[in-house]
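This report covers strand pairing, aromatic pairs, salt bridges and surface features, in that order. Please read it alongside the sequence and the model.

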Amino acid sequence: MSYGFRTLEQGQWAALWIGEASGGRPIEVYRTYDLLIEAPNWTADGSEIIVAGEGDLWRMDAGSFDVFARIHVTGAAPFNNDHVVGPDGLTMFGSAKDGNIYSAPVNGGSATCLTAQSSAEGLRHYLHGVSPDGRRLSFIGLRLRPEGGVAEANVFTMSADGGDLQQVTFGAALADGCEYDPSGEWLYFNTEVFDGHAQIARIRPDGSGLEQLTCDERVNWFPHLIVNGLALYLSYPEGTEGHPADRAVELKLVNGDWATPQTVAAFNGGQGTINVNSWSPDGSRYAFVSYGRD
């Protein structure tokens, strides 16, 4: 089977940025005209950044920011841009173009498909989080219409070995970007259930306590939590549908109060910018990707 993935167009570049939790201006640390990088996150010890790019996962030293090296994983379909590292630092999990979630050693090696049974039942899986104790994964489960398009996109969890599938949200209001907070007591995600466009919300893993956190006309995606009440999310202009690439977007920093986020960056991006949790493990820095042309 042939799987497509995004690539850089002629004259286009992708840039990796690092920002500080204190809210200062982010700094560009790497730019490439050769590889469309997406969705940066960090290894458990904070020493490396991992990105998705053109069907593979890639790693870079988080001190020198000099070059990306491909992580060689076998036994999986090409990866999309949803990938996370488990808290043990040894295992990474990623969604692939075939709609499955795989686990693999963080340094590369043979992958294990975790979702073969539910995939056979028509569910497509888009991973976003690992619980703080490493025992459960959170993901968006997509069901497609026979004629094409998304019929449902709901929040699910399952055990890290692929068992005990549990659906958390129900209905036709689309959801995405679900991940655990540092306590493991909440799942944060974006949903269209409140205002008909994406807003940030949270819900308990048992499906109770749904709470809206952002309440504005902008289209808000991909909440990422770290210690001490800090959070990031991606904000599109009013009227944006989905989470497209190559749009004028803003990165919002929350310091405890979701009603008063700080805009820490405005740039061209969207799809691929922060699809997965992009905080360093100690919560001091975050990473994101922008795209542009000279």
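## An open four-stranded sheet

Strands β3-β4-β5-β6, in that order, make up an open sheet of 4 strands with antiparallel pairing. Strands here are DSSP runs of E with at least two residues, helices are runs of H or I with at least four, and both are numbered from the N terminus. Two strands are taken as paired if DSSP finds at least two bridges between them. The edges are held by β3 (38-42) and β6 (69-71); each has a single partner strand, so one side of each lacks a neighbour in the sheet. Ignoring direction, neighbouring strands of this sheet are turned by 35° against each other on average. Axes for such angles are lines fitted to C-alpha atoms, for helices over the stretch in contact, and the angles run from 0 to 180 degrees between N-to-C directions.

Arg59 has Ala69 of β6 as its bridge partner.

## Basis of the description

The model is predicted: local features need pLDDT of at least 70, side-chain atom pairs count only at pLDDT 80 or more, and totals for chains, interfaces and linings use all residues. Residues are numbered from 1 along each chain as its sequence is written, and side-chain values use heavy atoms, with hydrogens and water left out.

## Strands β22, β23 and β24

Strand β23 (residues 247-255) pairs with strand β22 (residues 230-236) in the antiparallel sense over 6 bridges. Within this pairing, Val254 in β23 stands opposite Ala231. Strand β23 is also joined to strand β24 (residues 262-269), again running antiparallel, by 7 bridges. Here Leu251 faces Ala265 in β24.

The hairpin of β23 and β24 has 6 residues between the strands, and Gly256 in this hairpin takes a positive phi near 90°.

## Aromatic pairs

Rings of Phe, Tyr and Trp (its six-membered ring) pair if their centres lie within 6.5 Å; planes under 30 degrees apart count as stacked, over 60 as edge-to-face and the rest as tilted. The count by this rule is 9 aromatic pairs. Tyr233 and Trp258 form a stacked pair, because their ring centres are 5.8 Å apart and their planes are at 20°. This pair links distant parts of the chain, with Tyr233 in strand β22 and Trp258 in the loop between β23 and β24, 25 residues apart.

Relative accessible area sorts residues into buried (under 20%), exposed (over 50%) and partly exposed (in between), using a 1.4 Å probe and protein chains only. Tyr233 is buried at 1%, and Trp258 is buried at 12%. Elsewhere, ring pairs link Trp17, Phe267, Trp279, Tyr286 and Phe288 into a cluster.

## Salt bridges

A salt bridge requires a side-chain nitrogen of Lys or Arg within 4 Å of a carboxyl oxygen of Asp or Glu. The whole structure contains 9 salt bridges. One of them joins Arg6 and Glu38, at 2.7 Å from N to O. Arg6 lies in the segment before β1 (12-20) and Glu38 in strand β3, so the bridge ties together parts that are 32 residues apart in sequence. Arg6 is partly exposed at 23% relative accessible area, whereas Glu38 is buried at 8%.

Arg293 and Glu9 meet in a salt bridge with an N to O distance of 2.2 Å. Arg293 belongs to strand β25 (residues 285-293) and Glu9 to the segment before β1, 284 residues apart. Arg293 is partly exposed, with 47% relative accessible area, and Glu9 is partly exposed at 47%. In the salt bridge of Arg136 with Asp164, the closest N and O atoms are 2.9 Å apart. Arg136 is in strand β14, and Asp164 is in the loop between β15 (150-159) and β16 (166-167), 28 residues apart. Arg136 is buried at 19%, while Asp164 is partly exposed at 46%. Salt bridges with shared partners also join Glu28, Arg31 and Asp294 into one network.

## Surface features

A nonpolar surface patch is formed by Leu144, Val150 and Leu174, with about 210 Å² of accessible area together. Patches consist of residues with over 30% relative accessible area and no salt bridge; like charges are joined within 9 Å, and nonpolar side chains (Val, Leu, Ile, Met, Phe, Trp, Tyr) within 5 Å. Accessible areas come from the Shrake-Rupley method with a 1.4 Å probe, and for residues only the protein chains shown count as cover. Leu144 is in strand β14 (residues 136-144) and is partly exposed at 48%.

Glu121 sits in the loop between α1 (116-120) and β13 (124-130) and counts as exposed at 53% relative accessibility. Its C-alpha atom is separated by 9.8 Å from that of Arg143, 22 residues apart along the chain.
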